[in-house]
Amino acid sequence: MERREEIRQAYGSVGAAHGFYDGMMSGSTRLGRWVQRHVWRMDPEDAMAYQTGALAAIPAGFSGRLLEVPVGTGVLSMPVFRTLPEAEIVCLDYSEKMMDAARRRAAALGVGNVTFCQGDVGQLPFPDESFDIVVSLNGFHAFPDKERAYRETWRVLRRGGRFCGCFYVEGGNAHTDRCIRRLYVPAGFFTPPFETEESLRTRLAAQYRQAEVGRVQGIAYFQCVK
Ligand SMILES: C[S@@+](CC[C@H](N)C(=O)[O-])C[C@H]1O[C@@H](n2cnc3c(N)ncnc32)[C@H](O)[C@@H]1O
């Protein structure tokens, strides 16, 4: 089976039963906190630290155009989008099932200024320089063609715009690295090659005018200016 199809099926099953996934990302369930601790070696404060770092580039009251790719179930982003009623927000994901959960979350939270779009980060259906902010939370470790994803997220961002987010990097925690190789890659959730913190810092510094990278255990977070 082609890798894209494996990824779509893997996330399709997560999207259809997203309670576990959401609990893991937000630490809101006992099982989710167990995974944070025993796979990611993080406590809830660590998870909060990388998520806050990943979203810090979005100014309070932001009112421009923002692209989130991939939105997944929107578990981390929708609570932030609720605070940005003047922004024009577009959310894209490859998996309709993950995005269905995000649609329901947006409706439940009363977030009306978001449009959803099924698609591939490697071929974004948007003109050059059409967004002020591009957010990518926990996506690049899943994307099958990372070079295209870096090119496309850069292309759709306007000059002076911000690119921010987070994802898994190798070398931050040896136990997490083993879990990723043995469990997450075979299941289709993560796809190598993976960045290290250092390779990400080098890449973003070469591509963007400004780039800051931080890391909590096996997750790097970043904010860049084009
Ligand atoms: C780990 S989830 C992250 C979702 C969300 N941003 C979060 O932090 O919870 C990875 C997401 O990447 C999506 N994905 C994988 N390959 C993709 C691609 N080529 N284009 C767009 N989305 C993709 C999956 O469908 C899945 O929803």
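**Reading a predicted model**

Tutor: Let us begin with the ligand: 22 residues surround it, and the closest are P70, G72, Y94, S95 and L137. Please keep in mind that this is a predicted model.

Student: How do the residues of the shell around the ligand divide into nonpolar, polar and charged?

Tutor: The shell around the ligand comprises 15 nonpolar, five polar and two charged residues.

Student: Let us turn to helix packing. At what angle do helix α1 and helix α6 pack?

Tutor: Angles under 35 degrees count as roughly parallel. Helix α1 (residues 3–16) and helix α6 (residues 96–109) pack at about 30°, and their axes are 7 Å apart. Therefore α1 is roughly parallel to α6.

Student: Is the crossing of α1 and α6 left-handed or right-handed?

Tutor: The two helices, α1 and α6, cross in a left-handed manner.

Student: Which residues make the contact?

Tutor: From α1 the contact draws on Y11, G12, V14, G15 and A16, and from α6 on K97, M98, D100 and A101. By type, the residues of this contact of α1 with α6 are five nonpolar, two polar and two charged.

Student: Is P127 buried or exposed?

Tutor: Here the cut-off for exposed applies, namely 12 or fewer such atoms. P127 has 9 C-beta neighbours inside 10 Å, so P127 counts as exposed. P127 is found in the loop between β3 (114–118) and β4 (131–137).

Student: How far apart are P127 and L157, in sequence and in space?

Tutor: P127 and L157 are 30 residues apart in sequence, while their C-alpha atoms are 9.3 Å apart in space.

Student: And where is A174 placed?

Tutor: A174 is in helix α8 (residues 174–187). Because A174 has 10 other C-beta atoms within 10 Å, A174 is exposed. A174 and P127 are 47 residues apart in sequence, and their C-alpha atoms are 40 Å apart in space.

Definitions and conventions. Residues numbered from 1 in each chain as written. Predicted model: local features only at pLDDT ≥ 70, side-chain atom pairs only at ≥ 80, totals over all residues. Axes fitted to C-alpha atoms, helices over the stretch in contact; angles between N-to-C directions. Helix = DSSP H or I, 4+ residues; strand = E, 2+ residues; numbered from the N terminus. Parallel < 35°, antiparallel > 145°, perpendicular 65-115°, else oblique. Left-handed = near helix turned anticlockwise from the far one by under 90°. Contact = placed C-beta atoms within 7 Å. Nonpolar A, V, L, I, M, F, W, Y, C, P; charged D, E, K, R; others polar. Near = placed C-beta within 6 Å. Buried ≥ 20, exposed ≤ 12 C-beta atoms within 10 Å, placed from the backbone.
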